[in-house]
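Colleague: I would like to go through this model with you, one topic at a time. Please have the sequence and the structure open.

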Amino acid sequence: MSTPEDRKLLMGDRWWEKLPRKVYSTLERVPCSQDWFEVYKVKEGIYAIYEPGQYEEALCTLLLGGEEAALIDTGCGIANIRACVEEITDLPVMVVNTHAHNDHIADNHRFSSIAMLDHSWSVRAQRGLPNSEMIHLVEPGMVWKPLPKGFDPKKYVTPPFKATRWFSDGDVIDLGTRTLEVMHTPGHSPDSCCFLDREDRLLFTGDMFYTGGIYTYLEGGDIPTFIESYEYMLSHYEDYDRLMPSHNEPWVEKELLRDVHRAVVEISEGRGKYREGVDRGVPIKRFDYGRFNIVTRADQHRPK
Ligand SMILES: [Zn+2]
């Protein structure tokens with residue numbers, strides 16, 4: 001287990017004091033009957049569902065198509081995201097996961113249509129996660145808003161679920177008037193995906209990009225693979241204008257992708273300033289670049 005002192009390098013002190021993030025005042029807020037979520041309409045038919053009360057600041061995106069809606073990720077599973085979605089649309093909803101980390105799949109079990117990357121990590125994720133792998137999300141210092149009524153930390157798990165569609169790199173998920181093109185982009189985790197919406201000129205980046213600490217140190221993550229995936233994401237640079245990540249800010253200028261690429265190349269060459277720390281027993285380095293930082297395993301970027 002990491003101690004609060006260990007996690008300070010990742011989280012900083014009193015992280016919630018930087019909230020609300022500025023971008024939210026520029027977006028149209030949509031009512032939601034659950035206090036846990038904040039819902040924003042970012043453009044016609046596209047809604048960001050935000051969990052600002054918990055450190056991960058998870059963001060799930062709902063896209064309304066002509067025949068079907070897609071919900072990109074289901075968040076931390078602390079409140080009921082399905083009820084939230086049903087206040088926005090009557091369309092049938094398909095969950096589309098960016099990857100199988102606990103803060104992206106925890107409410108999958110509430111849905112009957114779930115699409116995931118055809119990968120051993122997604123297959124394994126269907127078993128759900130026990131309390132021991134969820135509880136750190138609601139430990140002291142991780143949550144500042146009141147937890148929803150009826151939420152019991154002792155019973156907090158990711159219940160099992162069943163994926164109903166398996167996609168691969170290059171597949172197109174057709175929602176009627178909108179499509180999502182799958183890009184398999186490992187580096188944060190082996191199963192990480194981005195989705196390209198050519199109609200709206202958006203790239204959904206999951207955990208491959210967001211403003212904040214970008215992690216390459218978790219199991220199955222590594223810098224060389226991360227760089228390759230960034231080159232893939234940048235090869236489509238002319239196909240999108242904005243980024244929609246799974247944490248922190250839902251509507252980000254695409255230029256930051258080039259900055260992250262430059263940063264990780266610098267890190268891979270043994271350059272870049274860092275601070276050292278430990279997260280759950282793993283020695284890590286944090287490289288700061290203003291609106292984002294890159295967190296690597298302490299031993300993974302030694303120059304050759
Ligand atoms: Zn993740």
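Colleague: In what order do the four strands of the open sheet come?

Modeller: The order is β13-β18-β17-β16, with mixed pairing. Strands (E, at least two residues) and helices (H or I, at least four) are DSSP runs numbered from the N terminus, and two strands pair if DSSP finds at least two bridges between them. β13 (212-215) and β16 (274-279) are the edge strands, each with a single partner, so one side of each has no neighbour in the sheet.

Colleague: Before we go on, what is the basis of the values?

Modeller: This is a predicted model, in which local features need pLDDT of at least 70 and side-chain atom pairs count only at pLDDT 80 or more, while totals for chains, interfaces and linings use all residues. Residues are numbered from 1 along each chain as its sequence is written, and side-chain values use heavy atoms, leaving out hydrogens and water.

Colleague: How many bridges join β16 and β17, and in which sense do they pair?

Modeller: Six bridges join β16 to β17 (residues 282-288), in the antiparallel sense. Glu276 has Lys285 in β17 as its bridge partner.

Colleague: Now the metal. Which residues coordinate the zinc ion?

Modeller: His99 (NE2), His101 (ND1), His188 (NE2) and Asp207 (OD) coordinate the zinc ion at 2.1 to 2.2 Å. Donors are N, O and S atoms within 2.8 Å of the metal (3.2 Å for Na, K and Ca); water is not among the atoms, so sites may look incomplete.

Colleague: Which parts of the chain do His99 and Asp207 tie together?

Modeller: His99 lies in the loop between β6 (93-96) and α3 (102-105), and Asp207 in the loop between β12 (202-206) and β13, so the pair links parts 108 residues apart in sequence.

Colleague: Is His99 buried or exposed?

Modeller: His99 counts as buried, at 2% relative accessibility. Asp207 counts as buried too, at 4%. Buried means under 20% relative accessible area, exposed over 50%, and partly exposed in between (1.4 Å probe, protein chains only).

Colleague: Back to β6: which way do its side chains point?

Modeller: Val93 and Val95 point one way from β6, Met94 and Val96 the other way, and all are buried. In a regular strand the side chains alternate between the two faces of the sheet. β6 runs parallel to β5 (residues 69-72), joined by four bridges, and Ile72 stands opposite Val96.
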